[in-house]
Amino acid sequence: MIVNPFTKALVLLLSLFLTPFFTACQDSDVGVNHSQAKQSVKVLTPAWSIAATLTAMGYPPIATGDVAEYPKWAGKPDLPNSVIDLGARFAPNPELMSQLSPDLIIDNDFYQHLRPMYGKTPVKSINLQGSDPSKTATWQSYADGVMALGNAIHQPIAAKQYIDKSQIQLTNLGQTFRQQHPTIKKLAVIQFASVSQFRSYSDNSLFKLTLDAMRLELVQLGQGNLWGFTDAKLGDLAKFDDSTCVVVVEPFSPMLQQQLAQNALWKRLGYGKDSANPRCMMVVPPTWIYGGIPSMVGFAQSLTQAHLVH
């Protein structure tokens, strides 16, 4: 077929004109989708629980408080190196906060006293433990907190995916633990304050939810306070029956362990390596008790990696 030179020139001209237009449209569409999937709001938070959950969802904050202390008390997930340390969680550096120019500050009711220093930055308060932490913990209350966080940063799909993934992880980790320790059905979770005092975690703590998801039972010494634990004395360990395995949450310093090893009551109770009739005990890395679902998953992972102390 013979093509008219004028028609050929017109087609060439149109192609030169329209190609950049269509390419730009395609690139623009890709950019929008990529932005929706990866780009998030620049969040600043003084709270470890918020920082941990954002990190676990894949959208870490630009800054949080006490970054250096976080591994000692909160454990997992690890905060990326990009997260800036604001200083003390309850007394962050106000000048640094203003210099970071966040799009949004997310805190919870524990940080109400900081709000005057936030300036004009929008603030969202989210309690990852539910509206009333004094009541028995429920999975839904924790999931609602994660969804609220996802909505706040315009990433509800990421939040839902993280919740679903965490449920599967907890189920699988529970199966692994039961296979490793088929005789252990009941666990008491404690944390030492001193050689003579400890916290016994209760039904309104995240440990209850974690063990429920793992098909294990939490044994408690009494109704927990607002923070999910009961204060107890060393002798109260005798209230746990022989079928209950005691899980000690770090920090559990070498000095404290040495003091316990020399304590006659501790030996008589049957805990520790030097006991004549050792009882079941495990020591696990730090778990931030206010950390919501990330702390639950981290605690479950720690249980599957813990060894019995005999």
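Trp 266 is tucked away in this predicted model: at a relative accessible area of 5%, the residue counts as buried, because the cut-off is under 20%. Its ring partner is Tyr 271, which is buried too, at 1% relative accessibility.

**Aromatic rings**
- Searching the whole structure turns up 12 aromatic pairs. One of them is Trp 266 with Tyr 271, a tilted pair with 5.5 Å between centres and 35° between the planes.
- Trp 48, Tyr 70, Phe 110, Trp 288 and Tyr 290 come together as one aromatic cluster.

**Charges over rings**
- Trp 48, part of that cluster, also has Arg 89 over its face, 4.1 Å from the ring centre.

- β8 covers residues 186-192, and seven of the seven are buried, so the strand is largely enclosed by the rest of the structure.
- In a regular strand, side chains alternate between the two faces of the sheet. In β8, Lys 186, Ala 188, Ile 190 and Phe 192 are buried on one side, with Leu 187, Val 189 and Gln 191 buried on the other.
- β12 (residues 244-249) runs parallel to β8 and is joined to it by five bridges, with Val 189 opposite Val 247.
- β10 (residues 217-218) is parallel to β8 as well, through two bridges, and here Lys 186 stands opposite Glu 217.
- β9 (residues 197-201) is antiparallel to β8, with three bridges, and a hairpin of four residues links the two.

Technical notes:
Residues numbered from 1 in each chain as written. Predicted model: local features only at pLDDT ≥ 70, side-chain atom pairs only at ≥ 80, totals over all residues. Heavy atoms only, no water. Phe/Tyr/Trp six-rings, centres within 6.5 Å; stacked < 30°, edge-to-face > 60°. Buried < 20%, exposed > 50% of the residue type's maximum accessible area, 1.4 Å probe, protein only. Lys NZ or Arg CZ within 6 Å of the ring centre and 35° of its normal. Pairing = 2+ DSSP bridges.
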